[in-house]
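Here is a friendly briefing to read alongside the sequence and the coordinates. Have your viewer ready, and let's walk through a few residues and their surroundings.

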Amino acid sequence: MISIKPVFIEDIPFTAIRVELPKTNLLIVSNDTGYIMCGALDVDLLSEKLAERKVIAARAVGVKTIEQLLEAPLEKVTNASREKGWQEGMTGKEALLKIAELDERKK
């Protein structure tokens with residue numbers, strides 16, 4: 001089953017996606033700029049082989065729900081994410097708020 005629903009962080013909308021797979025779940029929270037994801041995300045692939053795309057993304061491991069993904073410390077971030085102020089150890093929620101703030105400045 002796939003579920004897609006809005007999730008609000010400090011009244012800022014993001015999209016939460018949960019894909020139920022055998023023995024695991026794929027979890028993603030995103031906006032138009034970037035996303036955080038569960039441990040299934042291959043950060044090295046995005047940072048190295050797809051570097052020209054400048055994907056803003058990070059992963060947290062050991063999470064089973066969207067709520068846990070938002071609260072967990074980021075285990076790894078892409079190189080492009082660092083340019084947006086993301087770093088390992090910050091929570092998913094903190095990272096998403098940083099890109100939402102940057103989006104707001106663009107308007």
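In this predicted model, R59 sits in strand β5. Is R59 buried or exposed? R59 counts as buried because its relative accessible area is 16%, under the 20% cut-off.

**Around R59**
- The side chains of R59 and E75 are joined by a polar contact of 2.5 Å.
- Leaving out residues up to four places away in sequence, R59 touches M37, C38, G39, L41, D42, V43, L74, E75 and K76.

**The nonpolar core**
- The largest nonpolar core holds 34 residues.
- V29, I36, L70, L74, W86 and L96 have the most contacts inside this core.
- Elements giving two or more residues to the core include the strands β1 (2-9), β2 (12-21), β3 (24-30), β4 (34-37) and β5 (56-59), along with the helices α1 (43-49), α2 (66-71) and α4 (92-106).
- Which element gives the most to this core? That is α4, with 5 residues.
- Beyond four places away in sequence, L70 touches V7, I9, V29, I36, T91, G92, K93 and L96.
- As background, nonpolar side chains tend to be buried together in soluble globular proteins.

**Around E71**
- E71 has its place in helix α2.
- With a relative accessible area of 46%, E71 is partly exposed.
- Not counting residues up to four places away in sequence, E71 touches T91 and K93.
- E71 and L97 lie 26 residues apart in sequence, and their C-alpha atoms are 12 Å apart in space.

Terms used. Residues are numbered from 1 along each chain as its sequence is written. This is a predicted model: local features need pLDDT of at least 70, side-chain atom pairs count only at pLDDT 80 or more; totals for chains, interfaces and linings use all residues. Side-chain values use heavy atoms; hydrogens and water are left out. A nonpolar core is a set of buried Ala, Val, Leu, Ile, Met, Phe, Trp, Tyr and Cys residues joined through side-chain atoms within 4.5 Å. Buried means under 20% relative accessible area, exposed over 50%, partly exposed in between (1.4 Å probe, protein chains only). Helices (H or I, at least four residues) and strands (E, at least two) are DSSP runs, numbered from the N terminus. Contact means heavy atoms within 4.5 Å. A polar contact is a pair of N or O atoms within 3.5 Å; within protein, one must be able to donate a hydrogen and the other to accept it, and residues adjacent in sequence count only if both atoms are side-chain atoms.
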